[in-house]
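Subject: Structure for your files

Hello,

Here is the structure I said I would pass on. My notes on it follow below.

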Amino acid sequence: MNNTYPLVLIVDDNPINIDLLLDILKGEYQFGVAKNGARAFEYLETHQPDIILLDVMMPEIDGFEVCAKLKSDGRYRDIEVIFITALSDARYIAKGFDVGAVDYITKPFKAAEVKARVQTHMSLKKMKEALNRQNLMLEEQVRNKTAQLHEMFTATVGGMALMAESRDPYTAGHQHRVAEYACIIGKGMGLPPDQIEAIKISGLLHDIGKIRTPVSLLNRPGKLLKAEWELIKTHPEIGFKILEQIPFPWPIAQIVYQHHERVDGSGYPRKLKGSGILLEAKIIAVADVMEAMSSHRPYRAALPVERALNTITSNRGILFDETVVDCFLSCSECIQKTTPPASSAGDKDHLPNNRD
Ligand SMILES: [Fe+2]
Ligand SMILES: [Fe+2]
């Protein structure tokens, strides 16, 4: 017997019926035989038939019950079941299909009919299996391509951040650290992974608009003139204009546009207030101030972490969103572990003069 032939399990308590079916189907299939439902399940422990020809009226477990049990078990669900029975009443036929059979042949049957139906269901099963294999392959390809695109996307965003920061070595890494702090706050607030991804991308790009700010303004020691400040304050809008061209699945351009807005309306550039500011922008705002104050700048030394914490705490509900500040404070230990150490005590510089 060719063991590549499909395997047919015949389940019937009548030896004459079994011999008849074996005779009709011989030459094209391999066979297994079980005289009742219990024996059929024993057989299935060691064999994987393609089709089961199942009698209905058998002692102990009837065919309907056997079929229902097969279809409720993940191991056997894909085995096609064809009832072969003397029960020809329409309600039995309907029940046969209800419990999951693909066909229902009534006795007395014609040999050609049994042969044709078994062949048809075998072909359908093969087609179904081929389709499943193809689907799995396509799903795998989509997964790989998606991962590849995500990798390219992350690298592109990282490259854009680097491009903006490369003009000014003193703020190198600023956007990466802001993204990191902001993600810690977002996760602490229990935000979903998709929103955390938006926060990460916005953090990495929040100061991209500084690409148009003269480097001399970004790191020149000493106070800036009012006009120079006004120039620095254009960076959220420039960032917005650069990023609005990119079809991100999140409002990245808007978040970047709003990262210097403050909840009391004292921020810039549009003096947005409270609920008019996106949550992601409120989170970036806190992370930005924390990172900027605790890092060294040419126009002032790094401030102690406590000073940054105090500034943020004392402006809870004034400049910064209350919930964001509360979560920031509960995560601040975690954030401090990633913060570069302060190199000296603070100078006269303070929050409104931050150029980040
Ligand atoms: Fe910044
Ligand atoms: Fe900024």
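In helix 5, Val157, Gly158, Met160 and Ala161 meet Ile201, Leu204 and Leu205 of helix 7; two residues are in contact here if their C-beta atoms, placed from the backbone, lie within 7 Å. By class, this contact of helix 5 with helix 7 has six nonpolar residues, one polar and no charged. Ala, Val, Leu, Ile, Met, Phe, Trp, Tyr, Cys and Pro count as nonpolar, Asp, Glu, Lys and Arg as charged, and the others, Gly among them, as polar.

Before the rest, the conventions. This is a predicted model, in which local features need pLDDT of at least 70 and side-chain atom pairs count only at pLDDT 80 or more, while totals for chains, interfaces and linings use all residues. Residues are numbered from 1 along each chain as its sequence is written, and chains are lettered from A and ligands numbered from 1 in the order in which they are written.

Overall layout

The protein chain has 14 helices and five strands; these are DSSP runs numbered from the N terminus, with helices being H or I of at least four residues and strands E of at least two. The domain assignment, which is automatic or from a database, gives domain 1 (7-136) and domain 2 (166-353). Their C-alpha centres lie 68 Å apart. Along the principal axes, the C-alpha atoms of the protein chain fill a box of roughly 105 × 35 × 35 Å. The radius of gyration of the protein chain is 36 Å, whereas a compact globule of 356 residues would have one near 21 Å (taken over C-alpha atoms; the globule rule is 2.2 Å times the number of residues to the power 0.38).

Helix 5 (111-165) and helix 7 (residues 193-205) pack at an angle of about 25 degrees, with their axes 8 Å apart. That makes helix 5 roughly parallel to helix 7. Axes are lines fitted to C-alpha atoms, for helices over the stretch in contact, and angles run from 0 to 180 degrees between N-to-C directions. Angles under 35 degrees count as roughly parallel, over 145 as roughly antiparallel, 65 to 115 as roughly perpendicular and the rest as oblique.

For helix 6 (residues 174-188) and helix 12 (residues 279-293), the angle is about 130 degrees and the axes are 8 Å apart. Helix 6 is therefore oblique to helix 12. The residues of this contact divide into nine nonpolar, two polar and three charged. Those from helix 6 include His174, Arg177 and Tyr181, and those from helix 12 include Asp288, Met290 and Glu291.

Helix 13 (residues 305-314) and helix 14 (residues 322-338) pack at about 170 degrees with axes 11 Å apart, and are therefore roughly antiparallel to each other. Val305, Leu309, Ile312 and Thr313 of helix 13 make the contact with Val325, Phe328, Leu329, Ser332 and Gln336 of helix 14. The classes there are six nonpolar, three polar and no charged.

Backbone points to check

Most residues other than glycine have a negative phi, and most peptide bonds are trans. Lys107 and Pro108 are joined by a cis peptide bond with omega about -5 degrees; Pro108 lies in the loop between strand 5 (103-106) and helix 5. The bond from Tyr268 to Pro269 is also cis, with omega near 5 degrees, and Pro269 is in the loop between helix 11 (252-257) and helix 12. Glu60, not a glycine, has a positive phi of about 65 degrees. Its place is the loop between strand 3 (51-54) and helix 3 (63-71).

Regards
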